[in-house]
Amino acid sequence: MTQRGFAEVVAVAEHVAGQSRAANALGLTSEQSTGADPLVQLADDDAAEPAVATRFVEIRTWANERLGWDHVPAFWRAIARRPRYLAAAWEKTKLVFGPGEIDGLTKFAVALACASLAGNRYFVEYYQAGFRQFGFEDETVVELAGLVNHYASFNTVAHAFQLESPGETTFAESADDGAATESRPD
Amino acid sequence: MTTLPLPDPHDTTGRTREALELAARRGGLPLENVSAIHRAMSHWPEWLEANLAQTAATFKGQGQLSALTRECLHIAISASNNCRF
């Protein structure tokens with residue numbers, strides 16, 4: 001992995017961490033109507049304000065392609081109450097999930113893991129929809145959940161025992177060199 | 001400094017030694033190089049054994065996610081959990 005690839009992974013992680021906390025603050029629990037009601041009024045899919053309407057067209061297209069949802073997801077409709085926030089958050093989403101050294105599947109896997117760590121049901125559902133768009137079914141979702149289980153468990157042990165880092169991490173010169181990080185304990 | 005001293009694998013006996021030897025074999029390492037996290041867990045060998053079994057079924061298990069995706073999950077989850085290790 002290159003330094004740029006590492007930065008892309010961290011960018012997805014921090015972006016989803018922030019989104020998930022915001023969704024918690026807004027009371028978003030599910031894209032379906034089965035969850036509790038959001039704590040803010042959601043803008044209509046066909047928003048009247050031009051700056052919002054333009055973003056909603058892009059978001060609906062993206063959601064259809066990447067999540068398999070044919071509507072503007074509730075999160076974006078909620079934050080549309082603050083159009084500058086909507087614009088900045090959407091532009092950042094396009095950037096961090098856009099083309100780079102890390103493939104789209106890996107970015108959605110990271111996003112799903114980070115939404116689960118942040119404890120937000122809404123974005124777990126959102127990014128799990130994106131993850132499944134790569135053709136994965138329950139077995140692979142559980143495979144990913146098992147990895148979250150493993151890493152979160154070992155993080156807890158390492159933190160509790162105050163274990164020191166086993167060494168410097170080295171990065172590949174180019175993306176073609178593959179995942180050339182140090183050997184990690186399992 | 002660690003919270004508890006990490007046992008030297010060569011000084012251990014009985015079930016602790018067996019669990020550390022299993023961790024070393026699973027990692028393809030000589031006993032003296034078994035990882036700090038496994039040495040930490042060896043304070044309760046049954047716990048280390050349970051985690052080795054879970055690791056075999058998750059991290060080391062067969063699946064559809066690539067090594068790169070798994071490594072990226074490792075980075076993102078460890079960063080989210082403020083884990084320097």
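Hi everyone. A word on conventions: residues are numbered from 1 along each chain as its sequence is written, and chains are lettered from A and ligands numbered from 1 in the order in which they are written. Since the model is predicted, local features need pLDDT of at least 70 and side-chain atom pairs count only at pLDDT 80 or more, while totals for chains, interfaces and linings use all residues.

Let's start with chain B. It has four helices and zero strands, where helices (H or I, at least four residues) and strands (E, at least two) are DSSP runs numbered from the N terminus. Along the sequence, that reads α-α-α-α. The C-alpha atoms of chain B fill a box of roughly 40 × 30 × 20 Å along the principal axes. Of its 85 residues, 34% count as buried; buried is 20 or more other C-beta atoms within 10 Å of a residue's own, exposed is 12 or fewer, and partly exposed is in between, with C-beta atoms placed from the backbone.

Now, how does chain B touch chain A? 40 residues of chain B are in contact with 43 residues of chain A, contact being C-beta atoms, placed from the backbone, within 7 Å. On the chain B side, α2 (36–41), α3 (45–57) and α4 (67–80) each give two or more residues, and α4(B) gives the most, with 14. That side divides into 19 nonpolar, 17 polar and four charged residues. Here Ala, Val, Leu, Ile, Met, Phe, Trp, Tyr, Cys and Pro count as nonpolar, Asp, Glu, Lys and Arg as charged, and the others, Gly among them, as polar.

So which helices of chain A meet α4(B)? One is α5(A): the two axes come within 9 Å and cross at roughly 30°. Axes are lines fitted to C-alpha atoms, for helices over the stretch in contact, with angles from 0 to 180 degrees between N-to-C directions. The pair is therefore roughly parallel, as angles under 35 degrees count as roughly parallel, over 145 as roughly antiparallel, 65 to 115 as roughly perpendicular and the rest as oblique. The residues in this contact are eleven nonpolar, three polar and no charged.

Another is α1(A), residues 3–25, which packs on α4(B) at about 50° with the axes 9 Å apart, and is therefore oblique to it. F6(A), V9(A) and A13(A) are among the residues on the α1(A) side, and C72(B), I75(B) and A76(B) are among those on the α4(B) side. By class, ten are nonpolar, one is polar and none is charged.

That brings us to the largest nonpolar core, with 63 residues, where V110(A), L112(A), A113(A), C114(A) and A76(B) touch the most other members. Such a core is a set of buried Ala, Val, Leu, Ile, Met, Phe, Trp, Tyr and Cys residues joined through C-beta atoms within 7 Å. Helix α5 of chain A, residues 104–117, gives the most to it, with nine. Beyond its neighbours within four places in sequence, C114(A) contacts A13(A), V16(A), A17(A), A76(B) and S80(B).

Most residues other than glycine have a negative phi. Q162(A), however, has a positive phi near 50°; this residue follows α7 (138–160) of chain A and is partly exposed, with 13 other C-beta atoms within 10 Å. N82(B) has a positive phi near 55°, comes after α4 of chain B, and is exposed with 8 C-beta neighbours inside 10 Å.

Technical notes: Two residues are in contact if their C-beta atoms, placed from the backbone, lie within 7 Å.
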